[in-house]
2 protein chains.
Amino acid sequence: MSQVPVTDQGRETRARIVAAAAALIGERGVAGTSLDDVRAATSSSKSQLYHYFGDKHGLVQAVIDYQSALVLGAQVDALGRVRDWDGLERWADTMVAVIDARGARGGCPIGTLAAALSDSDERFRVALSEAFDRWRQAIAGALRALQERRLLASDADLEALTTTTLAAIQGGLLLAKTSRDSTQLKAALDGAITHLRSS
Amino acid sequence: MSQVPVTDQGRETRARIVAAAAALIGERGVAGTSLDDVRAATSSSKSQLYHYFGDKHGLVQAVIDYQSALVLGAQVDALGRVRDWDGLERWADTMVAVIDARGARGGCPIGTLAAALSDSDERFRVALSEAFDRWRQAIAGALRALQERRLLASDADLEALTTTTLAAIQGGLLLAKTSRDSTQLKAALDGAITHLRSS
DNA sequence: GGGGAGTTGGACTATACAGTCCATCGATCT
DNA sequence: AGATCGATGGACTGTATAGTCCAACTCCCC
C-alpha cells in the first residue's frame with residue numbers, strides 16, 4: 001500500500017515524482033508513460049514509486065490531484081480578481097497567451113485526462129468531474145461579482161452560463177491543441193464573453 | 001505493409017475489423033485496446049490484422065477515418081437540413097438525445113481521439129484537425145442558410161461563430177461524459193444557439 | 001485439374017512493462 | 001553505541017502485447 005511521507009526528504013521525493021509524472025503524462029498520456037519513464041526522469045527507484053503510490057493507479061490519482069490543484073489554484077485566483085468586463089477579458093487573454101506560449105500543445109491537463117480516463121475508470125472520472133465542478137464554482141463567483149456591480153442581469157441563469165463558459169474553455173482548448181492554433185481558443189472565449197455580456 | 005482488399009470477402013473482413021476496433025477504442029481508448037482484443041472481437045487472425053493494416057498505427061488511422069466519416073456524415077446531413085432556428089434547435093436536441101441514450105458515455109469519438117493523440121502523433125493530429133475543419137464547414141453551411149433567409153445578420157463573422165459553436169459541442173460533450181450528465185451538453189448547446197440568435 | 005493470387009490460421013519471438021522482494025542506508029532517539 | 005524506522009537501490013518475475021513467419025485454404029482462370 002502507499003505510504004504518506006513522514007520526513008522532509010520523503011515529501012520532497014514524492015513531490016518531485018508527482019511533478020515529473022504530471023509532465024510526462026501531459027506530453028504522452030497516461031498509457032504512454034511507463035513507471036520506468038517516471039523512474040528515469042526523477043532518478044528514483046522502483047521501490048520509491050511503490051512506497052509512495054502503491055501502484056500505477058495511485059500515481060495517476062496523485063497526478064490528477066496535482067493538476068487539479070495547479071489549474072484550479074490559478075483559475076480561482078484569476079477569476080477571483082474579476083470585477084468588470086475588462087477583468088474577464090484579461091482573464092481570457094491570459095489563458096490564450098499561456099496556450100500560445102506553449103505552441104498550443106497539451107491543451108488543458110484536466111480536460112485531456114478527463115477525455116482519456118472518464119470512460120475507463122470510475123474513480124478517476126469522479127475526481128475529474130469534481131475538478132470541473134470547482135472550476136464552474138470559480139466562474140460562477142466571477143459572474144456573481146459582475147451581477148453585484150449590475151454589469152450582468154440579476155436574473156441571469158448562472159448555472160447555465162457557467163457551464164457554457166467552461167464548455168467554451170474546454171472545447172476551445174481541444175480545438176486549439178488539435179489544430180496547433182491558439183486563435184481557435186481565442187474565438188471560443190470571445191464568443192463566450194460576448195454571450196455573457198448580452199445575458 | 002498494408003494491403004488494400006481486392007475481393008468482396010476481403011473488403012468485408014477489413015470493414016468488420018475497423019468497426020469492431022472503433023467500438024473497442026471508443027470504450028477503452030487506443031492504448032487500452034490491444035490487437036488481441038480486436039482479434040478476439042472479430043474472430044479474425046493476427047495475419048489479417050497485419051495484412052490489412054500493416055501495424056497498429058495503420059489500424060488506428062483506419063479507425064480515425066471510419067469515425068470521421070461516420071460523425072461527419074451524420075453532421076453534414078443534419079446541418080444540411082437546417083433552414084431556420086427551429087431546425088438548428090432540432091439538430092441540437094438530436095445530439096443531446098443521442099448522448100443521453102448512451103448514458104452520457106463516450107462523448108465525441110473524434111474529440112476523444114484528438115485529446116489522446118494530438119500531442120503524441122503528428123499524422124493523427126493532422127487527420128483529426130481536418131475532421132474538425134470539415135465539421136466547421138458543415139456548421140458554416142447551416143449558418144449561411146440562416147443568413148440567406150435573413151435570420152442571421154449578413155455581416156456576422158461566420159468564421160468565429162462556427163468555431164465557438166464547435167467548441168461548445170466539444171466542450172459540452174467532454175463535460176457531459178465526465179459528469180455522466182447530458183444536461184451539461186444541453187446547456188452548452190443552448191448557450192451556443194442563444195449566442196448565434198443574438199449575432 | 002493445375003496454378004496463381006488473395007486471404008486466413010495460428011504458432012512463435014522479443015520485449016516492454018507492472019509489480020515483488022529483500023538488502024541497505026541514514027537520521028534520530030535512548 | 002545500538003535500536004528503530006522511514007527511505008532507497010536494484011535485481012528479479014510474470015505476463016501482456018506488438019510484430020514475424022510460414023503453411024494452408026479458397027476462389028478464379030486457364
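In chain B, B:Ile110, B:Leu113, B:Ala114 and B:Leu117 of H6(B) meet B:Phe124, B:Arg125, B:Leu128 and B:Ala131 of H7(B). Contact here requires C-beta atoms, placed from the backbone, within 7 Å. By class, this contact has seven nonpolar, no polar and one charged residues. Ala, Val, Leu, Ile, Met, Phe, Trp, Tyr, Cys and Pro count as nonpolar, Asp, Glu, Lys and Arg as charged, and the others, Gly among them, as polar. The axes of H6(B) and H7(B) come within 10 Å and cross at roughly 150°. Axes are lines fitted to C-alpha atoms, for helices over the stretch in contact, with angles from 0 to 180 degrees between N-to-C directions. The crossing of H6(B) with H7(B) is left-handed (the near helix is turned anticlockwise from the far one by less than a right angle).

The model is predicted: local features need pLDDT of at least 70 and side-chain atom pairs pLDDT 80 or more, whereas totals for chains, interfaces and linings use all residues. Residues are numbered from 1 along each chain as its sequence is written, chains are lettered from A and ligands numbered from 1 in the order in which they are written. Helices (H or I, at least four residues) are DSSP runs, numbered from the N terminus.

The contact between the chains takes 42 residues from chain B and 42 residues from chain A. On the chain B side, H1, H6, H7, H8 and H9 each supply at least two residues. H8(B) gives the most, with 15 residues. This side divides into 15 nonpolar, 20 polar and seven charged residues.

In H3(A), residues 46–53, A:Leu49, A:Tyr52 and A:Phe53 are buried. They cover an arc of only 85° around the axis, which puts them on the same side of H3(A). The arc is that of the directions from the helix axis to the C-beta atoms. On the other side, A:Lys46 and A:Ser47 are exposed. Buried means 20 or more other C-beta atoms within 10 Å of the residue's own, exposed 12 or fewer. The buried residues pack against H1, H2 and H4 of chain A. Just after H3(A), A:Gly54 takes a positive phi of about 80°.

H3(A) also gives the most to the surface near DNA strand D, with four residues. The surface comprises four nonpolar, 12 polar and five charged residues.

Key:
Contact = placed C-beta atoms within 7 Å.
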